[in-house]
Amino acid sequence: EQLVAPGALHTVPMFAASMLALSAVVVTPTAYSGRIAAPQTRSRVQCSAMQTPATEATGFVQTQMRKAAMALHTRDQAREGQQKAQKPMAQWTPTREGYLQFLVDSRTVYQKMEDIVNSRDELAKLRDTGLERVAALNKDIEWFQSEGLVLPDVTDLATGYAAELEGMTTPAFVCHYYNYYFAHTAGGRMIGKQMSDMLLDGRTLEFYKWDGDVKEMLGTTRDVIDAMAAAWTEAEQQECLDETAASFKGGGGLMVSLRS
């Protein structure tokens, strides 16, 4: 099943608009303001971006985490979406300065995630997955500066979200970690293409490049998380799922700088 991307003529697979779904949670452009509970869903639905076609979804990520995430898609993004449609990308008025702000804020959050993964023994298997983005963002931010743009301060939204991540339990953090990284490889790339065409004369940033097959990297990461979740208690699994909406809110808040 295909989904028409807001403001675009091309289509992307269901759930590939994950980064757009992040912005579907209404966020006031002030400091990050904490967590909200994820809707509880029990139905099984199919999604080509999360599983191999014609096979039944298995594992914690592709079943329970995916169910919680689908409930937060907007109705124009997925048939199962339960949120109202938000401002289409065609109506955004991004600037280079706003795009640089988004990259600076994103770097702060990715750096915090990398620091947490590197500091907790139970997350050791999530190190050096190939999905890490800080090094790529460093190159892109340096390029923007070489173009004459002034490096902005990190926003309160980004620093607040990073602080929230620091204090999370491992099950809660894993929800944010996976949804944030996955969304960037999916809908995030679509947004990157739009920003490139609008602002950079088609230049592809390092942020949207990986050394290797990103699908394989994601698959390996899902397997690691599935193995971790299998060892969690039911309460710990639910704690992870309950962070879904907050993970969308935290990541989606950073997109404020892209919209105007």
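Q: Which residues of H3 meet Ala158, Tyr161, Ala162, Leu165 and Glu166 in H5?
A: This is a predicted model: local features need pLDDT of at least 70, side-chain atom pairs pLDDT 80 or more, while totals for chains, interfaces and linings use all residues. Numbering starts from 1 along each chain as its sequence is written, and side-chain values use heavy atoms, without hydrogens and water. Helices are DSSP runs (H or I, at least four residues), numbered from the N terminus. Contact means heavy atoms within 4.5 Å; on the H3 side the residues are Asp105, Thr108, Val109, Lys112, Met113 and Ile116.

Q: How are H3 and H5 oriented to each other?
A: The axes (lines fitted to C-alpha atoms over the stretch in contact, angles 0 to 180 degrees between N-to-C directions) of H3 (residues 96-119) and H5 (residues 156-166) come within 9 Å. They cross at roughly 10°. Angles under 35 degrees count as roughly parallel, so H3 and H5 are roughly parallel.

Q: Is Asp128 buried or exposed?
A: Asp128 sits in the loop between H3 and H4. Its phi is positive, near 55°. Exposed means over 50%, so at 74% relative accessibility Asp128 is exposed.

Notes:
Helix = DSSP H or I, 4+ residues; strand = E, 2+ residues; numbered from the N terminus. Parallel < 35°, antiparallel > 145°, perpendicular 65-115°, else oblique. Buried < 20%, exposed > 50% of the residue type's maximum accessible area, 1.4 Å probe, protein only.
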